[in-house]
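Biologist: I am new to this structure, and I would like to understand what lies behind the words used for it. Could you show it to me first?

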Amino acid sequence: MSSPKKQTQLRLEPDVLAAGKDAAAARGLDFNRYVERLIAEDTTGARAAGMAAAQHLIDRHAHFLADLEADLDTQHAPAPNARSAAA
């Protein structure tokens, strides 16, 4: 019995292939399933819907996110070195 799936060949730059394999592994998928998911998300509108929802969240909470970013920047700012403080 043959598989209903069709095989195709992709020619990718080595760094693109490595990035795709890493992204697939990070999601617990094999590379073929990862590519299937990307195509499905792109062609069904799922990706666009997700991006629209993310943009809505950013727009709605922009002030909070900006304050949070400023707080984190302050917390992680490099400490002045001893020479600058002594000068």
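Modeller: A residue is called buried under 20% relative accessible area, exposed over 50%, and partly exposed in between, with a 1.4 Å probe and protein chains only as cover. This is a predicted model, in which local features need pLDDT of at least 70 and side-chain atom pairs count only at pLDDT 80 or more, while totals for chains, interfaces and linings use all residues. Residues are numbered from 1 along each chain as its sequence is written, and side-chain values use heavy atoms, with hydrogens and water left out.

Biologist: Why is Ile58 called partly exposed?

Modeller: Ile58 has a relative accessible area of 41%, which lies between 20% and 50%, and therefore Ile58 counts as partly exposed. This residue is found in helix α3 (residues 46-60), where a helix is a DSSP run of H or I with at least four residues, numbered from the N terminus.

Biologist: What makes Ile58, Phe64, Leu65, Leu68 and Leu72 a nonpolar patch?

Modeller: Patch residues need over 30% relative accessible area and no salt bridge, and nonpolar side chains (Val, Leu, Ile, Met, Phe, Trp, Tyr) are joined within 5 Å. The patch formed by these five lies on the surface with about 430 Å² of accessible area together, as given by the Shrake-Rupley method. Helix α4 (residues 62-75) gives the most to the patch, with four residues.

Biologist: How do you know that Glu36 forms a salt bridge with Lys5?

Modeller: A salt bridge needs a side-chain nitrogen of Lys or Arg within 4 Å of a carboxyl oxygen of Asp or Glu. The closest N and O atoms of Glu36 and Lys5 are 3.3 Å apart, so the pair meets the rule. It links distant parts of the chain, with Glu36 in helix α2 (residues 31-44) and Lys5 in the segment before α1 (14-26), 31 residues apart.

Biologist: Why is Lys5 called exposed?

Modeller: Its relative accessibility is 58%, which is over 50%, so Lys5 counts as exposed.

How values were computed: Patch = residues over 30% accessible without salt bridge, like charges linked within 9 Å, V, L, I, M, F, W, Y side chains within 5 Å. Areas by Shrake-Rupley, 256 points an atom, 1.4 Å probe, with all protein chains shown as cover. Helix = DSSP H or I, 4+ residues; strand = E, 2+ residues; numbered from the N terminus.
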